[in-house]
Every structure is written in C-alpha cells, then in structure tokens.
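Here is a short note for a colleague who is opening this entry for the first time. Please keep the model in view while reading.

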Amino acid sequence: MAKLNKITPCASVGRPKVNVPSAGWYDFKVLYWQKEGTACLESEWKAPGGKRQLIPNSAFGYK
C-alpha cells in the first residue's frame, strides 16, 4: 500500500497490479480521505493487449 504523509494535490501513488481470473463481481474496499480541500479516487484497467483507460462508473456496483 502506498502512503502519503504530507499535503499534496491529487496524484498517483502507484499502480498496483491486480489479476482478475474471470469476469464477474469482486468485493474490494478502498480507504481514502479528503486532504486540504482535495479528494480524488481514480482507477484504471487494461485488457490484455489493450490500452490503459479509466474504469467507467458503469463497471461498479454496490451491495
């Protein structure tokens, strides 16, 4: 897990790799906080042989 301990603008803290063995719904938890008037959370995905792009909202669900 990446850790920031100072006031910074929204920026990447790294790109951890996650393997998804098959299509379907997966549970995950995200912990983030608002820092000095900024807050952001961006996730990207890349299909094999494809280009990296932001994950669209339509790919997420809540239970």
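The points below go from the whole chain to single residues.

1. Start with the source. This is a predicted model. The points that follow are to be read as such.

2. Next, the overall make-up. The protein has 63 residues, and buried ones make up 3% of them. There are 2 strands and 0 helices. The exposed surface comes to about 6,700 Å². Carbon and sulfur atoms supply 56% of that area.

3. Look at the salt bridge. The structure holds 1. Its partners are the side chains of glutamate 44 and arginine 52, with 3.3 Å from N to O. Side chains of opposite charge can pair when their charged atoms come close. Glutamate 44 counts as partly exposed because its relative accessibility, 38%, lies between the 20% and 50% cut-offs. Arginine 52, at 46%, is partly exposed too.

4. Glutamine 53 is worth a stop. This residue sits in strand E2, which covers 53-54. Which residues does glutamine 53 touch, not counting those up to four places away in sequence? They are Ser43, Glu44 and Trp45. Glu44 is also the salt-bridge partner of arginine 52. From glutamine 53 to serine 43 the C-alpha distance is 8.4 Å, and the two are 10 residues apart along the chain. Glutamine 53 has a relative accessibility of 45%, so it counts as partly exposed.

5. Move on to alanine 59. This residue lies in the segment after strand E2. Leaving aside neighbours within four places in sequence, alanine 59 is in contact with Trp25 and Trp45. Trp45 is also touched by glutamine 53. Tryptophan 25 is 34 residues from alanine 59 in sequence, yet their C-alpha atoms are 9.3 Å apart in space. At 31% relative accessibility, alanine 59 is partly exposed.

6. Last, the surface. Which residues make the nonpolar surface patch of about 400 Å²? They are Phe28, Val30, Leu41 and Phe60. Of these, leucine 41 belongs to the segment before strand E1, and that strand runs over 44-45.

7. To recap for a second look: check the pair glutamate 44 and arginine 52, then the contacts of alanine 59 with Trp25 and Trp45, then the patch that includes Phe28 and Phe60.

Terms used
Residues are numbered from 1 along each chain as its sequence is written. This is a predicted model: local features need pLDDT of at least 70, side-chain atom pairs count only at pLDDT 80 or more; totals for chains, interfaces and linings use all residues. Side-chain values use heavy atoms; hydrogens and water are left out. Patches are made of residues with over 30% relative accessible area and no salt bridge: like charges are joined within 9 Å, nonpolar side chains (Val, Leu, Ile, Met, Phe, Trp, Tyr) within 5 Å. Accessible areas come from the Shrake-Rupley method with a 1.4 Å probe; for residues, only the protein chains shown count as cover. A salt bridge is a side-chain nitrogen of Lys or Arg within 4 Å of a carboxyl oxygen of Asp or Glu. Helices (H or I, at least four residues) and strands (E, at least two) are DSSP runs, numbered from the N terminus. Buried means under 20% relative accessible area, exposed over 50%, partly exposed in between (1.4 Å probe, protein chains only). Contact means heavy atoms within 4.5 Å.
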